Amino acid sequence: MKHTDHNHSSHEASLYDELTCHLPYAAFSVAIGFIVLSLLHFMSMNLAQAQLHKGYHILFHAFHYLHIMFAVTGTLVTFLRFSNHLTRGIIVSLISPAVFCTLSDVALPALAGNILGVHMDMHICFFKLHDFMNVLPFMLVGLITALSLSRHHVRSLNFISLGSHFIHILISSLASLFYVVSYGFSGWPKVMGILYFFLVIAVVIPCTFSDVVVPLYFARKKNKAAHKDAH
């Protein structure tokens, strides 16, 4: 069986290739997220629902902020491997995670909850001043981390990329799960299988676009423009 390392070193990987590469990460990460949530659910069964939701809401924010940091790092690292245009890379690395982390952690989990019969509002941190002021330092650290990683040797960067991919998607999975339970989905154990399916989709598609598809598109677009100008 032919085996090739998936390290994004080529522009030729299709969207299908990227999704199938990221799907196992998402499947295992959401599964681990359910293990964590199940343990917390078991240990907090005697707590009042209001207390429980407040605690889950705090956990959601912690993992959501960390997810944004990892997404900013991953986006800029991927961009800089194919383009030297730092300003464009920073802009893409701030806007893309803002969109796709919100989709992965908030919008799609809320949609899943609504489909399963639990009304959920959407809490978008970028629209709340207090939350936005918390997000900014995580985005800044993400940019600095990416600039540091971009100085590594390609081989070591490939190894780091594999680990950061898994951690990134695991953090996204936990943020998604804590979002749905913090907004009243107390009956999640009864529909765990369907919720698991929805959340795998909610995690794998936005993370693939944020980490790979969007930075590659804009890096390639810049390179094509420069090649055209050269001729």
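Author: Before the packing itself, one convention is needed: a helix axis is a line fitted to C-alpha atoms over the stretch in contact, and the angle between two axes runs from 0 to 180 degrees between N-to-C directions. Please also keep in mind that this is a predicted model. With that settled, H2 and H3 have axes 8 Å apart and pack at an angle of about 145°, and their crossing is right-handed.

Reader: Which residues of H2 and H3 make the contact?

Author: On the H2 side they include Phe60, His64, His67, Ile68 and Phe79, and on the H3 side they include Leu86, Ile90, Pro97, Cys101, Thr102 and Asp105.

Reader: What about H3 and H4, at what angle do they cross?

Author: The axes of H3 and H4, the latter being residues 129-149, cross at roughly 135° and come within 11 Å. That makes H3 oblique to H4, and this crossing is right-handed. From H3, Leu86, Ile90, Ser93 and Leu94 meet Met139, Leu143 and Leu147 of H4.

Reader: Stepping back, how many helices and strands are there in the protein?

Author: The protein has six helices and zero strands, which gives the pattern α-α-α-α-α-α when read along the sequence. Of its 231 residues, 44% count as buried. Among contacts in the protein with a separation of 6 or more, 82% are between residues 24 or more positions apart.

Reader: Back to His64, is it buried or exposed?

Author: His64 counts as buried because its relative accessibility is 1%, and buried means under 20%. His64 is placed in helix H2, which covers residues 49-80.

Reader: And what is His64 in contact with, leaving aside its neighbours within four places in sequence?

Author: With those neighbours set aside, His64 is in contact with Cys101, Thr102, Asp105, Cys125 and Ala175. Cys125 from that list is also buried, at 1% relative accessibility.

Reader: Since cysteines have come up, how many disulfides does a search of the whole structure find?

Author: The search finds zero disulfides. As for another cysteine, Cys21 is buried as well, with a relative accessible area of 18%.

Reader: Changing topic, how many aromatic pairs does the structure hold?

Author: There are 11 aromatic pairs in the structure. In one of them, the rings of Phe100 and Phe209 have centres 5.8 Å apart and planes at 25°, so this pair is stacked, given that planes under 30 degrees apart count as stacked. The pair links distant parts of the chain, since Phe100 lies in H3 (residues 86-115) and Phe209 in helix H6 (residues 192-230), 109 residues apart.

Reader: Are Phe100 and Phe209 buried or partly exposed?

Author: Phe100 is buried, with a relative accessible area of 16%, whereas Phe209 is partly exposed, with a relative accessible area of 24%.

Reader: Which residues do ring pairs link into a cluster?

Author: That cluster consists of Phe34, Trp188 and Tyr196, linked by ring pairs.

Reader: Last one, where is Ser38, and how far is Ser38 from Pro189 in space?

Author: Ser38 is placed in helix H1, residues 15-43, and is partly exposed, with a relative accessible area of 28%. Although Ser38 and Pro189 are 151 residues apart in sequence, they are 8.5 Å apart in space, taken from C-alpha to C-alpha.

Definitions and conventions: Residues are numbered from 1 along each chain as its sequence is written. This is a predicted model: local features need pLDDT of at least 70, side-chain atom pairs count only at pLDDT 80 or more; totals for chains, interfaces and linings use all residues. Side-chain values use heavy atoms; hydrogens and water are left out. Helices (H or I, at least four residues) and strands (E, at least two) are DSSP runs, numbered from the N terminus. Buried means under 20% relative accessible area, exposed over 50%, partly exposed in between (1.4 Å probe, protein chains only). Contact means heavy atoms within 4.5 Å. A disulfide is a pair of cysteine sulfur atoms within 2.5 Å. Rings of Phe, Tyr and Trp (its six-membered ring) pair if their centres lie within 6.5 Å; planes under 30 degrees apart count as stacked, over 60 as edge-to-face and the rest as tilted. Angles under 35 degrees count as roughly parallel, over 145 as roughly antiparallel, 65 to 115 as roughly perpendicular and the rest as oblique. A crossing is left-handed if the near helix is turned anticlockwise from the far one by less than a right angle, and right-handed if clockwise.
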